[in-house]
Amino acid sequence: MASELCKTISVARLEKHKNLFLNYRNLHHFPLELLKDEGLQYLERLYMKRNSLTTLAFTIMRHLCTRSETPVSKC
């Protein structure tokens, strides 16, 4: 994971952010760091507009479905 992205996620975890903006980062894979530990338990919204994600693993989708009050499509 790029150091800038890692730093952004670490700051969000430490400061208990409710919103995390990962727009325009040219991400090809979902940052699994977001799912580690319970450090981002306060996160309510994740913005990932204009990245290059091609797939989202089933296990990640399942994890997001169980954490979210608003169901992700086809959970």
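This is a guided tour of the structure, stop by stop.

The model is predicted, so local features need pLDDT of at least 70, side-chain atom pairs count only at pLDDT 80 or more, and totals for chains, interfaces and linings use all residues. Residues are numbered from 1 along each chain as its sequence is written, and side-chain values use heavy atoms, with hydrogens and water left out.

**Stop 1: the whole chain**

Show the protein chain as a cartoon. Two helices and two strands make it up. Their pattern along the sequence is α-β-β-α. Helices (H or I, at least four residues) and strands (E, at least two) are DSSP runs, numbered from the N terminus. Colour helix H1 at residues 3-14. Then colour strand E1 at residues 19-21 and strand E2 at residues 45-47. Helix H2 covers 58-67.

The protein chain exposes about 5800 Å². Carbon and sulfur atoms supply 52% of that area. Accessible areas come from the Shrake-Rupley method with a 1.4 Å probe; for residues, only the protein chains shown count as cover. Of the 75 residues, 23% count as buried. Buried means under 20% relative accessible area, exposed means over 50%, and partly exposed lies in between (1.4 Å probe, protein chains only).

How much of the contact set comes from residues 24 or more positions apart? They account for 64% of the contacts with a separation of 6 or more. A contact means heavy atoms within 4.5 Å.

**Stop 2: the nonpolar core**

Select Leu5, Ile9, Ala12, Leu20, Leu22, Leu27, Phe30, Leu34, Leu40, Met48 and Ile60. These eleven residues form the largest nonpolar core. Such a core is a set of buried Ala, Val, Leu, Ile, Met, Phe, Trp, Tyr and Cys residues joined through side-chain atoms within 4.5 Å. H1 gives the most to this core, with three residues.

Centre on Phe30. Leaving out residues up to four places away in sequence, Phe30 touches Leu35, Leu46, Met48, Leu53, Leu56 and Ile60.

**Stop 3: the aromatic pair**

Select Phe21 and Tyr47. The structure holds one aromatic pair. Its ring centres, in Phe21 and Tyr47, are 4.5 Å apart and the planes sit at 5 degrees, so the pair is stacked. Rings of Phe, Tyr and Trp (its six-membered ring) pair if their centres lie within 6.5 Å; planes under 30 degrees apart count as stacked, over 60 as edge-to-face and the rest as tilted.

The pair links distant parts of the chain, with Phe21 in E1 and Tyr47 in E2, 26 residues apart. Phe21 is partly exposed at 48% relative accessibility. Tyr47 is partly exposed at 32%.

**Stop 4: the salt bridges**

Side chains of opposite charge can pair when their charged atoms come close. How many salt bridges does the structure hold? There are three. A salt bridge is a side-chain nitrogen of Lys or Arg within 4 Å of a carboxyl oxygen of Asp or Glu.

Start with Arg25 and Glu4. Their side chains meet at 3.7 Å, N to O. Arg25 is in the loop between E1 and E2, and Glu4 is in H1, 21 residues apart. Arg25 is partly exposed at 25% relative accessibility. Glu4 is exposed, at 56%.

Move to Glu33 and Arg13. The closest N and O atoms of this bridge are 3.2 Å apart. Glu33 lies in the loop between E1 and E2 and Arg13 in helix H1, so the pair ties together parts 20 residues apart in sequence. Are these two residues buried or exposed? Both Glu33 and Arg13 are buried. For Glu33 the relative accessibility is 19%.

Lys36 is partly exposed, at 45%.

**Stop 5: positive phi and the loops**

Most residues other than glycine have a negative phi. Select Asn26, where phi is positive, near 55 degrees. Asn26 lies in the loop between E1 and E2 and is partly exposed at 49% relative accessible area.

Next, select Arg50. Its phi is also positive, near 60 degrees. Arg50 is in the loop between E2 and H2 and is exposed, at 62%.

Finish at His29, in the loop between E1 and E2. His29 is exposed, with a relative accessible area of 64%.
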